[in-house]
Amino acid sequence: MSGIEVRNLTKRYGPVTAVDDLSFTVRPGAITAFLGPNGAGKTTTMRMMIDHVAPTSGSVTIGGRRYRDILRPTTVVGAVFDAASFHPFHSARDHLGIYAAMGGYPSGRVDELLELLGLAEAAGRRTGGFSTGMRQRLNLATALLGDPRVLLLDEPSNGLDPEGMAWLRSFLRDLADAGRTILISSHVLSEVQQVADDVVVIREGRLLAAGSLRDLSSTSQAVLVRTPDATELGQILAPAAYLVEANGPQELRVRGLDPSRIADLAAARGLRIHGLTAEHPSLEQLFLDLTGERTRP
Amino acid sequence: MKPLIHAEFRRLLATRMWLATLFVAALLGGGLIGLLAIVGPENFQPPMPGLHTEAGVRAVLGFLGFTAFIPAAIGTLAVTSEYRYRTVNFTFLFAPNRWRVLAAKLITYGLAGMVYGLVLSGTSALALFGAAAARGVNLGLPAGTIVELLARLAVAMVAYTVLGVGIGALIRHQVAALCVVIGYLYGGELLLLTIPGVRSLYPWLPGGATAALTDFTAVADALAQQLSSDPVRLVSPLAGALILFGYTVLASTVALLKPMRRDVV
């Protein structure tokens, strides 16, 4: 099995610490979303996984080995970073042919991938004229040449239209279901939410949270309380809850208390409750809670 | 290493640049040398010895040394285009031992430089012998010696291509690297010749070493004459070859070592 293990990873650029003592694991058979605000250190971390960037300290192993120690590394790891990593005068077939030769893969694999990623008809065209969606597909095709067990994708949905994003989601799901390890960084949280099993959240190079999306969501779950006594109830709940905020004149959003506890506290003071609804947070909500972005000016 | 060299050849042949480069080589060899030989060095400004003299033949062939910036630029592009078009992302993903990528480039472009040199020299030979026959001039050097001089120039083109790869690895920015390579080799070295004190370094620079290969002193002498200074004394052809070889080794070492620790961001 080829999981990714990041241990005490640190990267400094002069006085700037881009990644700070970061540790987490990425398991096979799942899609892990790697989240963080811009400049959080996601790309740097992912590049350290494949030796594009040398860590200042710490280590990353994939299937227990450092990337450079893996024999025929692209049979283990495929990675996509920039939206376009092609010579504009090369055709898609030329581009894939070059890297198939470099990886020692048969030319039949090029045709297979062109077909799989829907690029067969554009195979002879120069990549310079490709749309963003086609570029992303060609990026993926290149990363998949060695049929790798681990896929690292840095913002793969950038510039994709809704159809392209839906295609990418189902494509990645199929790969994960086949037991592959998929780490995907993205800022389009609604997109990631539909596909991620696990989440790793970082900010300023430090780990904020890591785990299954379901578990993390439950810790951030809120309860919507409909009550005509919103002001009084808010004052009673505030000391016990993580967060109490007004969600309209007769509704409170409460985090850190379960519905039965809220009902008990209200009953003890004789306050009325007309409804209690569990609110499952969106990934965006979870992200904002974890990163504290919402509280920033 | 074999897959990497195979990939580099595929990359080189994927665009028509290689065809255009060989066309330029033929144009410079056949065209430039043909033109110079038909006009005759005795009609140059300032006049030089004619093709019936050894100095005249060396003068005409020596001009090929000034075209070395072309294979050097091709070598530079081999590395800088990887950074410019971001293909380096995939290249170092497929080959995390980066020195192997650069070694493959050095070998591939060394061979490409040899093909360039052979086309340049071959077309030059055809043009020189053809022009001499057309003008009814007996060349001032035996045919065997002329072929040997052209072979030396072909080898110099290999050295310049490798030199270009090294400079490309050192200066990753494509435009900056090309400016340095073309600017220096095409004009910079000759400018150095005009600076008192610095000009004594010329024989040890790539251009001076290339000129030494064919004992081509025409341009240096003309500059010395204009500046009323002593002519620059070139090193022997063998020493010139060794100096060029030294630059090639230096460039190869830079190419192999420089990208090793540099982050790809």
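What is the order of the strands in the open sheet of 6 strands in chain A, and what kind of pairing does this sheet have?

Reply: The model is predicted, and what follows is read from it. In chain A, the open sheet of 6 strands runs in the order S5-S6-S7-S3-S8-S9, and its pairing is mixed. The edges are held by strand S5 (77–80) and strand S9 (206–212) of chain A; each has a single partner strand, so one side of each is left without a neighbour in the sheet. On average, neighbouring strands of this sheet are turned by 15° against each other, direction ignored.

S5(A) pairs with strand S6 (residues 150–154) of chain A in the parallel sense, over 4 bridges. Within this pair, A:Gly78 stands opposite A:Leu151 in S6(A).

Helices also touch the sheet. Helix H1 (residues 42–49) of chain A packs on the sheet, where it touches strand S3 (30–35), S6, strand S7 (181–185) and strand S8 (198–203) of chain A. The direction of H1(A) makes about 150° with that of S6(A). Helix H10 (residues 283–291) of chain A lies across S3, S8 and S9 of chain A, and runs at about 35° to S8(A).

Strand S1 (residues 4–13) of chain A and S2(A) run antiparallel and are joined by 7 bridges. A:Leu9 has A:Leu22 as its bridge partner in S2(A).

A:Arg72 lies in the loop between S4 and S5 of chain A, and A:Glu155 lies in the loop between S6 and helix H5 (162–177) of chain A. Most residues other than glycine have a negative phi. A:Arg72, however, has a phi near 50°, a positive value. The phi of A:Glu155 is likewise positive and near 50°. A:Arg72 is partly exposed, with 13 other C-beta atoms within 10 Å. A:Glu155 also counts as partly exposed, with 18 C-beta neighbours inside 10 Å.

The chain as a whole gives the setting. Chain A has 10 helices and 13 strands, and its C-alpha atoms fill a box of roughly 75 × 45 × 35 Å along the principal axes. Of the 297 residues in chain A, 44% are buried. Among contacts in chain A between residues at least 6 apart in sequence, 68% join residues at least 24 apart.

Chain A also meets a partner: 29 of its residues are in contact with 24 residues of chain B. Helix H2 (residues 92–103) of chain A gives the most to the side of chain A that touches chain B, with 7 residues. By class, that side of chain A has 15 nonpolar, 9 polar and 5 charged residues.

Key. Residues are numbered from 1 along each chain as its sequence is written. Chains are lettered from A and ligands numbered from 1 in the order in which they are written. This is a predicted model: local features need pLDDT of at least 70, side-chain atom pairs count only at pLDDT 80 or more; totals for chains, interfaces and linings use all residues. Two strands pair if DSSP finds at least two bridges between them. Helices (H or I, at least four residues) and strands (E, at least two) are DSSP runs, numbered from the N terminus. Axes are lines fitted to C-alpha atoms, for helices over the stretch in contact, and angles run from 0 to 180 degrees between N-to-C directions. Two residues are in contact if their C-beta atoms, placed from the backbone, lie within 7 Å. Ala, Val, Leu, Ile, Met, Phe, Trp, Tyr, Cys and Pro count as nonpolar, Asp, Glu, Lys and Arg as charged, and the others, Gly among them, as polar. A residue is buried if 20 or more other C-beta atoms lie within 10 Å of its own, exposed if 12 or fewer, and partly exposed in between; C-beta atoms are placed from the backbone.
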